[in-house]
Each structure stands twice: as structure tokens, then as C-alpha cells.
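Visitor: I'm new to this one. Can you put it up and take me through it?

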Amino acid sequence: KLSAHSGYIYILSSYGIIGLSLFILASISTIVHFLQKKYYYSFLLVVALLFREFFEVTLLHNSFPIALYFWAFLSNGYLDKNKQLQ
């Protein structure tokens, strides 16, 4: 099997420019939301996962990064909120 070794090239080849654009739009809106809410831990988690996709396609091929991404959305700043309370 051939691998693109980049999640973004994989999305582009599988879902086209519209799919890649939607993924980028969702990622940017998530980052903006976390920055507006001052959820810096969540922001760093999402940025790290997005940066990792330049070198791996595991966000789409493996359930572990998907689970991390999913829990980051669900937590919606849980660590950040607890940090602000202290």
C-alpha cells in the first residue's frame, strides 16, 4: 500500500478540495473558539494534533488520535476552566 504520509494530502486525495477546505474551516473555527474562550490547554492540544498530521495519516486511520480529538471537543476547556478557578 502506498501512503501519502500526510493527513492533509490524504484528505485532499480522498475527499477533494471541498473536503480539505471543510476540514481546514472546522479546524480554524475550533482554534478561534478556544482562543476566544482562553482555553489555552485545549488550543495547544488541537494545534499539536493538526501539526502532527503533516507527518502522519493516523488521524484518519487510527482510532487513538480520533479519540483524543473527540475528547478535546467534549472537554471544551475542562482543564482550562479548572486552572482559572485556582
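Visitor: Which residues form one aromatic cluster?
Guide: Tyr8, Phe23, Phe51 and Phe54 do. Rings of Phe, Tyr and Trp (its six-membered ring) pair if their centres lie within 6.5 Å; planes under 30 degrees apart count as stacked, over 60 as edge-to-face and the rest as tilted. This is a predicted model, where local features need pLDDT of at least 70 and side-chain atom pairs count only at pLDDT 80 or more, while totals for chains, interfaces and linings use all residues. Residues are numbered from 1 along each chain as its sequence is written, and side-chain values use heavy atoms, without hydrogens and water.

Visitor: How many aromatic pairs are there in the whole structure?
Guide: Four. In one of them, Phe34 and Tyr39 have ring centres 6.3 Å apart and planes at 50°, so that pair is tilted.

Visitor: Is Phe34 buried or exposed?
Guide: Buried, with a relative accessible area of 2%; Tyr39 is buried too, at 7%. Buried means under 20% relative accessible area, exposed over 50%, and partly exposed in between (1.4 Å probe, protein chains only).

Visitor: What about Phe51 and Phe54 as a pair?
Guide: They are edge-to-face, 6.1 Å centre to centre with 65° between the planes. Phe51 is exposed at 52%, and Phe54 is partly exposed at 49%.

Visitor: New topic. What is Tyr40 in contact with, neighbours within four places aside?
Guide: Leu35 and Asp80, where contact means heavy atoms within 4.5 Å. The C-alpha atoms of Tyr40 and Asp80 are 6.7 Å apart, though the two residues are 40 apart along the chain.

Visitor: And how exposed is Tyr40?
Guide: Partly exposed, with a relative accessible area of 45%.
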